[in-house]
Amino acid sequence: MMLSLNDGLSLKSKLSSFRALVYHLTVILLLLCVFPGEFQVVGPSQPIVALVGDDVILPCHVQPAADVVSQSVEWGRLDLEPKFVHVWHQGQNFMVNQHSSYKGRTSLSTEKLMQGDLSLKLSAVKHSDNGRYRCLMSCLKHPCV
């Protein structure tokens, strides 16, 4: 497409419009990970940034690394009702109360859970995904200290 400076909008104003469009498509995902007990759940110290339509990984893991496949892992957003983004319970996905806007777009890796990696893959990011996420793990086999 040819861009003429006499098209009614100058090149400068067209570029400004483009920058504004890119800004509005940027999604910032904040992650807060908490776990009381023998393990420490760790997430990123900086917001995760993704573009609308992209897939993104929300990182979260336990230290020390341990097999957490048999534990319960909950990803949620407190500003939603229901608050559940993804739930893993007793070795399988438990999506009964998952918020409808996340259906079919979230996943955890069983192989990574075996290594203590609780990271959530969020596919086809939407503008409405912008928010503060919480990663929780609770002990099922061993008592939490």
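**Close-up views of the predicted model**

**View 1. Lys-83 and its salt-bridge partners.** Lys-83 is partly exposed, with a relative accessible area of 28%. Here buried means under 20% relative accessible area, exposed over 50%, and partly exposed in between (1.4 Å probe, protein chains only). Lys-83 forms a salt bridge with Glu-74, the closest N and O atoms being 4.0 Å apart. A salt bridge needs a side-chain nitrogen of Lys or Arg within 4 Å of a carboxyl oxygen of Asp or Glu. Glu-74 counts as buried, at 18% relative accessibility.

**View 2. Asp-79 with Arg-77.** These two residues form a salt bridge, with 2.7 Å between the closest N and O atoms. Asp-79 is exposed at 53% relative accessible area, whereas Arg-77 is buried at 3%. Elsewhere, salt bridges that share partners join Glu-74, Lys-83 and Arg-134 into one network.

**View 3. Asp-55 with Lys-121.** The model has five salt bridges. In one of them, the side chains of Asp-55 and Lys-121 meet at 4.0 Å, N to O. This pair links distant parts of the chain, 66 residues apart. Asp-55 sits in the loop between strand E3 (48–51) and strand E4 (56–58), Lys-121 in strand E10 (residues 120–122). Strands (E, at least two residues) and helices (H or I, at least four) are DSSP runs, numbered from the N terminus. Asp-55 is partly exposed at 47%; Lys-121 is also partly exposed, at 34%.

**View 4. The surroundings of His-86.** His-86 lies in strand E7 (residues 84–89). With 1% relative accessibility, His-86 is buried. Its side chain makes a polar contact of 2.7 Å with that of Asn-93. A polar contact of 2.7 Å also joins the side chains of His-86 and Thr-106. Such a contact is a pair of N or O atoms within 3.5 Å; within protein, one must be able to donate a hydrogen and the other to accept it, and residues adjacent in sequence count only if both atoms are side-chain atoms. Beyond four places in sequence, the contacts of His-86 (heavy atoms within 4.5 Å) include Trp-75, Met-95 and Leu-120.

**View 5. Cys-60 and Cys-135.** Both cysteines are buried: Cys-60 at 1% relative accessibility, Cys-135 at 0%. The disulfide count is zero, a disulfide being a pair of cysteine sulfur atoms within 2.5 Å.

**Notes.** Residues are numbered from 1 along each chain as its sequence is written, and side-chain values use heavy atoms, leaving out hydrogens and water.

Methods. This is a predicted model: local features need pLDDT of at least 70, side-chain atom pairs count only at pLDDT 80 or more; totals for chains, interfaces and linings use all residues.
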